[in-house]
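Me: Could you walk me through a few details of this protein model, step by step?

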Amino acid sequence: MTFELSPEHEQFRRSVRDFAEKEIAPHAAQWDREHHFPTDVVHQMGQLGLMGLTAPEEFGGAGMAGEDGGFTSLCIAIEEIGRVDQSMGITLEAAVGLGINPILTYGTAEQKETWLPALVAGEKIAGFGLTEPGAGSDAGATKTKAVLDDGEWVVNGAKQFITNSGSSITSLVTVTARTGEREDGRPEISTIIVPSGTPGFTAEKAYDKLGWHASDTHPLSFEDARVPEANLLGERGRGYAQFLATLDDGRVAIAALAVGCIQACLDMSLQYAGERQTFGGPIGRKQGLAFQVSDLQVMLDASRLLTYKAAAMKDAMDAGSSSVSMGAFKQAAAVAKLYATESAVTATRIATQVFGGYGFMEEYPVVRFYRDAKVLEIGEGTSEVQRMLIARGLGLPVE
């Protein structure tokens, strides 16, 4: 099977690349130094239609159904934005995958009408509150609670590492919370929409992170935060299943972000290897260096094929195709995420080595990509979680 992109997808890639190189690349280093979250660029991405690639026209989206390759288009956009700035790449990925998609997939008609138009337009963004101080990979161990009281959910607890959750344009965060207990003693987990500005809901001081400096990331706290009962997202008790499905899509999108990182490393290494002179010629003529750059090309091709294979499977399922099972897609998503993200970390190490001493200097973008890459192996499911999922998909009873 081949996963060659359509002419329309390639044309779309060129338009996003042009936007990224003109509007993001010249400013990325400054945003990184200043830890600045550029809300104006978020608005521009919305105006370009990047936030609405998977949303229906009635909410201002592109109306791209599965047969139109809407999810593949989103992955292309994330890759191209991430090729110049990983911070803006993850901002787009989270805005759509974690902000828009849960409401689009599970929301009521009223919830969609209330929240989606501004999110799709890029006027606002939203976060997804899953991870907690004591519940990361073991997300089922969430301690945040929501209790019904006189027609309102009263939310208490804390979340951490939540993207797009505390900016000046954040409109809401959907959070997973315990809403009861099942007959077998396991917690009943539901998903609830908590609008920004809700009394008792606080986005704490932004993290001082290793990378993704221009991305908005906060710990969140909830102290008797009250929201209407109607803010329940989807069925009560289905929160666990909802976030698992959300993460499946997100893993492919993170793989696309990793592909953008690898492409950037190859681009930078090729240029530097041709320009840097030593021992009377360009360093690219040395096998020790040239072979490492060749490895970048191999990792890029393999990562891109795995990523767009998984994206094509997602689009096929969205189009109603019976040729792709959910189990096959989950496996493809885990494989793509694992290989692409670990390759991205390796690619940044290689690119830094190509640059030698200059690769240790903040004035060169390779440093920023080096710092940004590591979290790709952690967010949306660690490499260890991906290996566990892949092993289970192979039929192994791994724990």
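Reply: Happy to! One term to start with: a residue is called buried when its relative accessible area is under 20%, exposed when over 50%, and partly exposed in between. Please keep in mind that this is a predicted model.

Me: What is the phi of Trp212, which is not a glycine?
Reply: Look at the backbone here rather than the side chain. Trp212 is not a glycine, and yet its phi is positive, at about 50°.

Me: Where is Asp224, another residue to look at for its phi?
Reply: Asp224 is not a glycine either, and its phi is positive, about 50°. As for its place, Asp224 lies in strand β7.

Me: Which feature does UniProt place at residues 128-224?
Reply: Over this stretch the chain is 0% helix and 53% strand. Its end C-alpha atoms are 19 Å apart. The UniProt entry, which is unreviewed, names the feature "domain: Acyl-CoA oxidase/dehydrogenase middle".

Me: Which residues make the nonpolar surface patch of about 350 Å²?
Reply: Start with one member, Tyr358, in the loop between α9 (326-355) and α10 (365-373). Tyr358 has a relative accessible area of 36%, so it is partly exposed. The patch is made by Tyr358, Phe360 and Met361.

Notes
Residues numbered from 1 in each chain as written. Predicted model: local features only at pLDDT ≥ 70, side-chain atom pairs only at ≥ 80, totals over all residues. Heavy atoms only, no water. Helix = DSSP H or I, 4+ residues; strand = E, 2+ residues; numbered from the N terminus. UniProt positions renumbered as here; feature names shortened; annotations may be inferred. Patch = residues over 30% accessible without salt bridge, like charges linked within 9 Å, V, L, I, M, F, W, Y side chains within 5 Å. Areas by Shrake-Rupley, 256 points an atom, 1.4 Å probe, with all protein chains shown as cover. Salt bridge = Lys/Arg side-chain N within 4 Å of Asp/Glu carboxyl O. Buried < 20%, exposed > 50% of the residue type's maximum accessible area, 1.4 Å probe, protein only.
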